[in-house]
Amino acid sequence: MTFSSKGYAAWLPSDRWQDEQRIEAWRPLLEQIDARMELRAAGPGAAALQELANGIEILTGTPPSLTLKAGSPPVIVLGSPQAAQRSLEELKALPLAEEAYALRIGAASENENQDGEQAAYAILRGGSERGLLYGAFALLRLIDSDPRGPRDLDLAESPRNPLRMIDQWDNMDGSVERGYSGGSIFYRDNRILLESPRIDDYARLLASVGINAISVNNVNVHREETKLITSALLPDVRRLSDTFGRYGIQLFLSVNYAAPIELGELDTADPLNTDVQHWWQRKVAEIYAAVPDFGGFVVKADSENRPGPFTYGRDHADGANLLADALAPHGGLVMWRCFVYDCHQDWRDRSTDRARAAYDHFRDLDGRFRDNVVLQIKNGPMDFQVREPVSPLFGAMPRTNQVMEFQIAQEYTGQQRDICFLVPQWKKSLDFDTLLNGAGCTVKQIAAGKVHPFTRSGVAAVSNIGNDDNWTGHHLAQANLFGFGRLAWNPELESDAIAEEWSALTFGADTPVARFVAKLLLESWPVYESYTAPLGVGWMVQPHYHYAVDVDGYEYSKWGTYHFADRDGLGVDRTLATGTGYTGQYADENRDRYDSLEECPDELLLFFHHVPYTHVLKSGKTVIQHIYDSRFEGADAVDRWIARWRELEADVDPERFAHILHRLEGQSENAKQWRDAVNTYFYRKSGIPDERERTVYA
Ligand code: GCU
């Protein structure tokens with residue numbers, strides 16, 4: 001780690017423990033490391049060893065002694081090798097999947113050696129070097145988040161999701177689309193920043209939470225990024241691939257569907273044209289010759305004015321299969337995005353519904369995609385709003401690989417100025433029962449490949465990092481990157497466990513600051529929702545910019561994003577009987593629930609129904625009173641956080657105290673602006689006063 005900021009090390013070890021007793025308690029386990037693995041300098045096994053040794057030195061102030069011998073399967077023994085002996089044989093014989101690890105800690109007094117000293121040991125065994133690396137980071141997390149010292153443990157873990165991918169939206173000019181934490185760590189002035197130590201440290205951060213794939217450029221592939229697949233830039237792409245490969249992360253590129261034209265080599269990109277097919281075959285062979293571990297392509301086609309197969313009267317299966325056929329001989333994948341909709345809609349036309357688009361475009365193509373095509377589907381049918389239902393396309397194509405796409409970057413959720421811990425939101429999607437294959441057919445089961453026999457399923461997410469010293473702009477926004485990785489590894493983890501783990505690793509285990517930060521994180525999504533757009537309606541933001549309130553900002557636009565507020569009520573009627581029929585894209589029981597005014601969950605009411613302001617919610621409040629109350633409550637909650645944070649000044653370093661206070665004060669202003677603008681808007685529309693007579697502007 002090369003930067004001085006408190007945030008740069010993120011959740012990885014950064015400071016020596018202050019408690020000497022804690023160091024003494026861990027010392028028998030951490031003073032000696034014996035490793036057995038293939039002796040390769042640049043593999044994940046070497047990285048595992050290095051991370052453990054460095055981490056231990058940072059936390060305890062003493063470097064462990066190190067021995068390394070050839071051996072298979074890869075194993076690291078910490079502490080007393082004699083005490084570890086019996087367990088070691090058992091663990092070596094354990095069948096483990098490639099990405100899995102097993103960890104056993106023996107801390108009990110029966111491990112005393114002849115001199116009566118406690119002979120603690122830990123054994124880490126990987127299913128492969130990659131598994132070993134995940135285990136090494138898990139062990140570091142365990143050591144650094146539990147102040148009590150070693151305790152007996154026997155654990156075997158493997159990731160639930162085969163693909164755990166991060167998408168960078170970085171441009172080669174150094175900007176980041178929807179980036180809220182500085183510029184790109186990958187590019188500047190149309191060059192790849194090979195000399196940047198941050199890329200290496202980013203790979204470490206991602207591997208530490210189990211990420212195994214990354215796409216390193218924006219899905220909107222502009223002129224310069226189109227050249228990433230040319231001979232001039234492939235050697236640099238190779239270096240990036242090697243950096244991430246060392247941490248077990250496979251490198252992908254977003255490609256321009258019209259690359260053959262854009263690069264001046266053909267005058268068509270028609271997927272059924274043989275010249276185009278040969279062009280991509282040659283291109284992919286060239287890429288793999290230069291970048292042998294290349295993962296494949298991410299493609300945004302026929303979406304928001306990007307080129308795609310529609311230009312040639314072809315469909316998305318034709319388009320995706322063109323690239324898939326070129327990649328297949330090399331084992332590469334096509335991550336084909338389903339964010340396809342009409343972005344030139346007429347707001348006067350109430351029959352077109354953007355929410356329907358992904359399903360309408362893709363559902364009937366099931367069975368036509370090659371095995372190495374993976375459809376990448378945004379979690380909701382619109383676009384990463386604070387609250388959306390789960391995309392009905394997910395799980396609805398039983399013969400097609402799918403990953404769910406989340407957005408860690410807080411585009412519509414506070415832009416890393418306001419705190420919004422998104423793990424509970426993602427869990428809500430992952431836990432959703434699609435009921436497509438009977439009960440229990442949840443998104444997380446489908447993503448894990450448990451429902452349909454997918455080998456290429458999982459989760460992907462848009463990254464939230466940039467070259468700010470603390471990576472994420474708001475220091476607390478790191479919890480989202482951490483949380484995504486942890487959840488991608490195991491969607492059963494609870495939100496509070498993830499928040500507590502991150503807070504302990506970041507602010508010190510068992511400290512008042514860590515306790516408060518975990519609580520704040522858990523409150524933050526409901527609070528953000530409560531002062532912004534109500535009851536699932538979304539989109540009341542300034543166009544393009546997407547942070548500040550503008551209730552009618554998208555109301556008369558071409559983007560298909562409306563709330564339809566009038567003097568009587570608001571919301572979008574998406575029911576089968578009287579609306580756009582979007583509800584019909586769900587399995588029958590979910591359709592019926594969303595269709596019914598009585599059964600539709602309050603939090604999504606305005607997503608599915610147009611209701612009068614006087615409609616009574618399940619909470620017993622009218623819609624208008626809910627709007628008023630929740631906006632006041634949200635803004636008040638932020639002020640309470642500020643008061644509590646001030647009380648913690650003595651318990652946290654000045655740098656992070658000031659930084660977080662400053663961001664919270666900004667959030668408080670934003671929340672009040674939202675509160676007053678939304679409340680005033682609906683008071684003016686409805687003429688119904690706040691029954692508690694608080695200040696709402698006329
Ligand atoms: C959103 C976002 C765009 C992005 C797009 C996408 O619309 O505002 O910046 O390009 O999503 O996911 O492709």
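This briefing describes the domains, the ligand site and several individual residues of the structure above. The model is a predicted one, and its chain is divided into domain 1 (20-157), domain 2 (164-493) and domain 3 (532-572 + 610-686). A ligand is surrounded by 13 residues, and the protein buries 96% of the 320 Å² that this ligand exposes when taken alone.

**Domains**

- The centres of domain 1 and domain 2, taken over C-alpha atoms, are separated by 35 Å, and the contacts between these two domains involve 16 residues of domain 1 and 15 residues of domain 2.
- Domain 3 is assigned in two segments, 532-572 and 610-686.

**Ligand surroundings**

- Among the 13 residues around the ligand, the closest are Glu 177, Lys 300, Arg 337, Lys 378 and Glu 411.
- Sorted by class, this shell holds 8 charged residues, together with 3 nonpolar and 2 polar ones.
- In the side chain of Glu 411, an N or O atom lies 2.5 Å from an oxygen atom of the ligand, while for the side chain of Lys 300 the corresponding distance to a ligand oxygen atom is 2.7 Å.
- Asn 220 also places a polar side-chain atom 2.9 Å from an oxygen atom of the ligand.

**A lysine in helix α9**

- Lys 283 belongs to helix α9, which spans residues 274-290, and with a relative accessible area of 6% this lysine counts as buried, because the limit for that class is under 20%.
- Once neighbours within four places in sequence are left aside, Lys 283 is in contact with Ile 229 and Thr 230.

**The loops on either side of α13**

- Gly 440 sits in the loop between α12 (423-431) and α13 (443-447), where its relative accessible area of 41% makes Gly 440 partly exposed.
- Not counting residues up to four places away in sequence, Gly 440 touches Asp 433 and Gln 445; between Gly 440 and Val 451, which are 11 residues apart in sequence, the C-alpha to C-alpha distance is 9.5 Å.
- Ser 457 is placed in the loop between α13 and β16 (458-462), and at 0% relative accessibility Ser 457 counts as buried.
- A polar atom in the side chain of Ser 457 lies 2.6 Å from the backbone oxygen of Ala 447.
- Beyond its neighbours within four places in sequence, Ser 457 is in contact with a set of residues including Pro 162, Leu 163, Gln 402 and Val 403, as well as Ile 446, Ala 447, Ala 448 and Gly 449.

**Backbone geometry to check when preparing the model**

- The peptide bond running from Ser 72 to Pro 73 is cis, with omega near 0°, and Pro 73 lies in the loop between β2 (65-69) and β3 (75-79).
- Gln 415, which is found in the loop between β15 (401-407) and α12, has a positive phi, near 50°, although this residue is not a glycine; at 4% relative accessibility Gln 415 counts as buried.
- Phe 564 likewise has a positive phi, of about 55°, in a residue that is not a glycine, and its place is in the loop between α16 (512-531) and β17 (569-570).
- With a relative accessibility of 14%, Phe 564 falls under the 20% limit and therefore counts as buried.

Conventions. Residues numbered from 1 in each chain as written. Predicted model: local features only at pLDDT ≥ 70, side-chain atom pairs only at ≥ 80, totals over all residues. Heavy atoms only, no water. Near = heavy atom within 4 Å. Polar contact = N/O pair within 3.5 Å; in protein donor to acceptor, adjacent residues only side chain to side chain. Areas by Shrake-Rupley, 256 points an atom, 1.4 Å probe, with all protein chains shown as cover. Nonpolar A, V, L, I, M, F, W, Y, C, P; charged D, E, K, R; others polar. Helix = DSSP H or I, 4+ residues; strand = E, 2+ residues; numbered from the N terminus. Buried < 20%, exposed > 50% of the residue type's maximum accessible area, 1.4 Å probe, protein only. Contact = heavy atoms within 4.5 Å. Domains from an automatic or database assignment.
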